[in-house]
Amino acid sequence: MKIKTLVVALLASATLMGCTSTQEFLDDNQINATQAAGNRGKFEFSCDAVTTTVLNRKTIDLYRFEVPQYQIGVAGCGKKEVYIVNCNEENGCMVYDSKHDFLKDDKQQPDSTLTSIE
């Protein structure tokens, strides 16, 4: 009986240890997200002296997975840009230009750059 109780207790504690709060999930990925945004800013600005500021952070459902998303401002050498950063364990962090909504459904928004060939 004692062994059965011990096994149940160990399984329950292992299950609870695997759960993290949304806040912890965002905290765990924020450093990688700010580094990725900073690296993109350094490249685009041709500037090694950049600073990053987390403007917003949340979790989103992306392709059936919950991922952390950050809106990060990058400034340096007289330039500023805001990037959207999504992170996941398998691929790291991806940095997107905030001027383009990469999650937009193309079927809803016609592409004005396409022209018909007659």
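In the hairpin of E1 and E2, two residues lie between the strands, and Tyr 63 there takes a positive phi near 55°. Strands (E, at least two residues) and helices (H or I, at least four) are DSSP runs, numbered from the N terminus, and two strands pair if DSSP finds at least two bridges between them. The model is a predicted one, in which local features need pLDDT of at least 70 and side-chain atom pairs count only at pLDDT 80 or more, while totals for chains, interfaces and linings use all residues. Residues are numbered from 1 along each chain as its sequence is written, and side-chain values use heavy atoms, with hydrogens and water left out.

**Overall architecture**

- The protein chain contains two helices and four strands, which follow one another from the N terminus as α-α-β-β-β-β.
- Of its 118 residues, 25% count as buried; buried means under 20% relative accessible area, exposed over 50%, and partly exposed in between (1.4 Å probe, protein chains only).
- Among contacts with a separation of 6 or more, 44% are made by residues 24 or more positions apart, where contact means heavy atoms within 4.5 Å.

**The sheet and the helix packed on it**

- The four strands form an open sheet in the order E1-E2-E3-E4, with antiparallel pairing.
- Strand E1 (51-62) and E4 are the edge strands, each pairing on one side only.
- From one strand to the next, the twist averages 25°; axes are lines fitted to C-alpha atoms, for helices over the stretch in contact, and angles run from 0 to 180 degrees between N-to-C directions.
- H2 packs on the sheet and touches E1, E2, E3 and E4, its direction making about 40° with that of E2.
- E1 and E2 run antiparallel and are joined by eleven bridges; Thr 53 has Gly 73 in E2 as its bridge partner.
- E2 and E3 pair in the antiparallel sense over eight bridges, and Gly 76 has Lys 79 in E3 as its bridge partner.

**The nonpolar core**

- The largest nonpolar core has 15 residues, of which Ala 33, Tyr 70, Ile 72, Val 74 and Val 85 touch the most other members; such a core is a set of buried Ala, Val, Leu, Ile, Met, Phe, Trp, Tyr and Cys residues joined through side-chain atoms within 4.5 Å.
- Two or more residues of this core come from each of helix H2 (22-45), strand E2 (65-76), strand E3 (79-88) and strand E4 (92-97).
- H2 gives the largest share, five residues.
- Not counting residues up to four places away in sequence, Ile 72 touches Ala 33, Thr 34, Ala 37, Thr 52, Thr 53, Val 54, Leu 55, Glu 81, Val 82, Tyr 83 and Val 85.

- Thr 53 is in strand E1 and counts as partly exposed, at 43% relative accessibility.
- Leaving aside neighbours within four places in sequence, Thr 53 is in contact with Gln 71, Ile 72 and Gly 73.
- Thr 53 and Ile 72 are 19 residues apart along the chain, with 5.6 Å between their C-alpha atoms.
- Glu 81 lies in strand E3 and counts as buried, at 15% relative accessibility.
- Beyond neighbours within four places in sequence, Glu 81 is in contact with Phe 45, Ile 72, Gly 73, Val 74, Asp 97, Ser 98 and Lys 99.

**Salt bridges**

- The structure holds two salt bridges, each defined by a side-chain nitrogen of Lys or Arg within 4 Å of a carboxyl oxygen of Asp or Glu.
- One joins the side chains of Arg 57 and Asp 27, at 2.7 Å from N to O. Arg 57 is in strand E1 and Asp 27 in helix H2, so this pair ties together parts 30 residues apart in sequence.
- Asp 27 is partly exposed, with a relative accessible area of 41%.
- Glu 44 forms a salt bridge with Arg 40, their closest N and O atoms also lying 2.7 Å apart. Glu 44 and Arg 40 are separated by about one helical turn because they are four residues apart in helix H2.
- Glu 44 counts as partly exposed at 35% relative accessibility, and Arg 40 counts as partly exposed at 24%.
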